[in-house]
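Visitor: I am new to this structure and would like to learn how to read it feature by feature. Could you show it to me and take me through it slowly?

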Amino acid sequence: MEPGSDDFLPPPECPVFEPSWAEFRDPLGYIAKIRPIAEKSGICKIRPPADWQPPFAVEVDNFRFTPRIQRLNELEFQLLRRLRQEDHLSPGGQVYSQP
């Protein structure tokens, strides 16, 4: 692409790996095996065997979390109120200095 040109050049395609079941039996070992090839492009795509399902990694009996409701409109209001107080914003959002 020449300087000043507005033509978009798409990036080159990344390597795509489609391991067999035998190769993918150890996913981390397979990744280590293809790493030198993938590092040349900086990214790669791995398509696991069609019927492969990742193992469920959460211990359901020990997993706990506390749900929270995020009221984003209230957070925005609090932020604007604080900005008006600290930065002397006018109600229209313009900054002005105190006399």
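What follows is a conversation about the fold, the confidence, the surface and the side-chain pairs.

Visitor: What should I know before I look at any detail?

Guide: This is a predicted model, in which local features need pLDDT of at least 70 and side-chain atom pairs count only at pLDDT 80 or more, while totals for chains, interfaces and linings use all residues. Residues are numbered from 1 along each chain as its sequence is written, and side-chain values use heavy atoms, with hydrogens and water left out.

Visitor: What is the mean pLDDT of the protein chain, and which element has the lowest value?

Guide: The general idea is that pLDDT is the predictor's confidence in each residue, from 0 to 100. Where pLDDT is low, the predicted coordinates should not be read in detail. Here the mean for the protein chain is 81, and 81% of its residues reach 70 or more.

Visitor: How many helices and strands does the protein chain have, and which pattern do they follow?

Guide: Helices (H or I, at least four residues) and strands (E, at least two) are DSSP runs, numbered from the N terminus. The protein chain has three helices and two strands, and along the sequence they follow the pattern β-α-α-β-α.

Visitor: How many residues of the protein chain count as buried, as a percentage?

Guide: A residue is called buried under 20% relative accessible area, exposed over 50%, and partly exposed in between, with a 1.4 Å probe and protein chains only. By that rule, 9% of the 99 residues of the protein chain are buried. The protein chain exposes about 9,500 Å², of which carbon and sulfur atoms supply 56%.

Visitor: How many salt bridges are there, and which residues form them?

Guide: A salt bridge is a side-chain nitrogen of Lys or Arg within 4 Å of a carboxyl oxygen of Asp or Glu, and a search of the whole structure finds three. In one of them Glu-18 is joined to Arg-47, with the closest N and O atoms 2.7 Å apart. That pair links distant parts of the chain, 29 residues apart, since Glu-18 lies in the loop between β1 (16-17) and α1 (21-24) and Arg-47 in the loop between β2 (45-46) and α3 (72-87). Glu-18 is exposed at 55% relative accessible area, whereas Arg-47 is partly exposed at 39%.

Guide: Another salt bridge joins Glu-23 and Lys-33, whose closest N and O atoms are 3.4 Å apart. This pair, too, links distant parts of the chain, with Glu-23 in helix α1 and Lys-33 in helix α2 (residues 27-41), 10 residues apart. Glu-23 is partly exposed at 34% relative accessibility, and Lys-33 is exposed at 54%. There is also a salt bridge between Arg-35 and Glu-39, with 2.7 Å between the closest N and O atoms, and both residues lie in helix α2, four residues apart, about one turn of the helix.

Visitor: Which residues are in contact with Ile-43, leaving aside its neighbours within four places in sequence?

Guide: Contact means heavy atoms within 4.5 Å, and on that basis Ile-43 touches Cys-14, Pro-15 and Ala-38. Ile-43 is found in the loop between α2 and β2, and the C-alpha atoms of Ile-43 and Cys-14, 29 residues apart along the chain, are separated by 6.2 Å.

Visitor: How many aromatic pairs does the structure hold, and how are their rings arranged?

Guide: Rings of Phe, Tyr and Trp (its six-membered ring) pair if their centres lie within 6.5 Å; planes under 30 degrees apart count as stacked, over 60 as edge-to-face and the rest as tilted. The structure holds three such pairs. The rings of Phe-24 and Tyr-30 have centres 6.2 Å apart and planes at 75°, so this pair is edge-to-face. Phe-24 and Tyr-30 are both buried, and together with Trp-52 they form one aromatic cluster. Phe-63 and Phe-65 make a tilted pair, at 5.8 Å centre to centre and 45° between the planes.

Technical notes
Areas by Shrake-Rupley, 256 points an atom, 1.4 Å probe, with all protein chains shown as cover.
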